[in-house]
Amino acid sequence: MGKNKLKKFAQNKTFTHVIQPKNEEVLHRDYRLKGKWSEEFGNHNPIVLELACGKGEYSVGMAEIYPDKNFIGMDIKGARIFSGAKEVAEKGLQNVRFIRTKIDFIESFFAENEVSEIWILFADPQMQKPRKRLTSSLFLNRYKTILKPNGLLNLKSDSDELYAFTRNESIPQFNLENEGSSFQKISDTNTLYESGINAFDQTMQDVLNIRTFYEQMWIEQDKKIKFLSYRYNHS
Ligand SMILES: C[S@@+](CC[C@H](N)C(=O)[O-])C[C@H]1O[C@@H](n2cnc3c(N)ncnc32)[C@H](O)[C@@H]1O
């Protein structure tokens, strides 16, 4: 492993806003902060998750605009998380945490109805392994337990496959299989920057101004950016 990476891992250990649980703390058991994020942040502000956050541009950017929300980025790669974590330290942001873990353990970290929004930005389309897609039914069923009623699930992607899979297969299938709960589409475009979105609130406008590392790369390659937003209804 490169020296630079080791340095980043060492620095991550010094950041109190980077949480790096051991596998045995989350595998088939609840992590100590599950249901207690309001204590961790010292307030009852809404919790917004950025899944597969990479360098965490969204969490850092939004945390600056919205000090009255708490942002948590999750990713397995420590060197990527380091970039966002360093910025959080430099800016003195109190409303951001990063969790270095597999998103597969998400239910070990969050209690029922604990999360207000989930953002999935430029996740791997997992062309060979549809079950591993972050919008597969496996993951939607995990989100269902942690999302508050009227919580939001948002996907931004360069991938035609992930966009079509989410829009036409996994979400409709979830809605058919789950009586009394459904993801209701509130925004949908496959050409975000050409056609714009139905920006139903200011948050949606703000997020358009934040480009993640991968988004910037895809835009430079002239890829069309897709955006889907759902409100989670459950009785
Ligand atoms: C294509 S990158 C996108 C990063 C960032 N969202 C961006 O737009 O720049 C995908 C990220 O997902 C993370 N990832 C993929 N599957 C994951 C999983 N099951 N658990 C945790 N992280 C995952 C990878 O480590 C990687 O950082």
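Helix 11 (residues 213-220) gives the most to the shell around the ligand, contributing three residues. In this predicted model, the ligand is surrounded by 18 residues. The closest of these are Ala52, Gly54, Phe122, Thr212 and Tyr214. By residue class, the shell divides into nine nonpolar, two polar and seven charged residues.

The secondary structure of the chain comes to eleven helices and eight strands. Along the principal axes, the C-alpha atoms fill a box of roughly 45 × 40 × 35 Å. The radius of gyration of the chain is 17 Å, which agrees with the value near 18 Å that a compact globule of 235 residues would have.

The axes of helix 4 (residues 57-65) and helix 5 (residues 78-91) come within 9 Å and cross at roughly 20 degrees. Because angles under 35 degrees count as roughly parallel, helix 4 is roughly parallel to helix 5. The crossing of these two helices is right-handed. On the side of helix 4, the contact is made by Glu57, Ser59, Val60 and Glu64; helix 5 contributes Gly84, Glu87, Val88 and Lys91. Sorted by class, the residues of this contact comprise two nonpolar, two polar and four charged.

Technical notes
Residues numbered from 1 in each chain as written. Predicted model: local features only at pLDDT ≥ 70, side-chain atom pairs only at ≥ 80, totals over all residues. Axes fitted to C-alpha atoms, helices over the stretch in contact; angles between N-to-C directions. Helix = DSSP H or I, 4+ residues; strand = E, 2+ residues; numbered from the N terminus. Parallel < 35°, antiparallel > 145°, perpendicular 65-115°, else oblique. Left-handed = near helix turned anticlockwise from the far one by under 90°. Contact = placed C-beta atoms within 7 Å. Nonpolar A, V, L, I, M, F, W, Y, C, P; charged D, E, K, R; others polar. Near = placed C-beta within 6 Å. Rg over C-alpha atoms; globule rule 2.2 N^0.38 Å.
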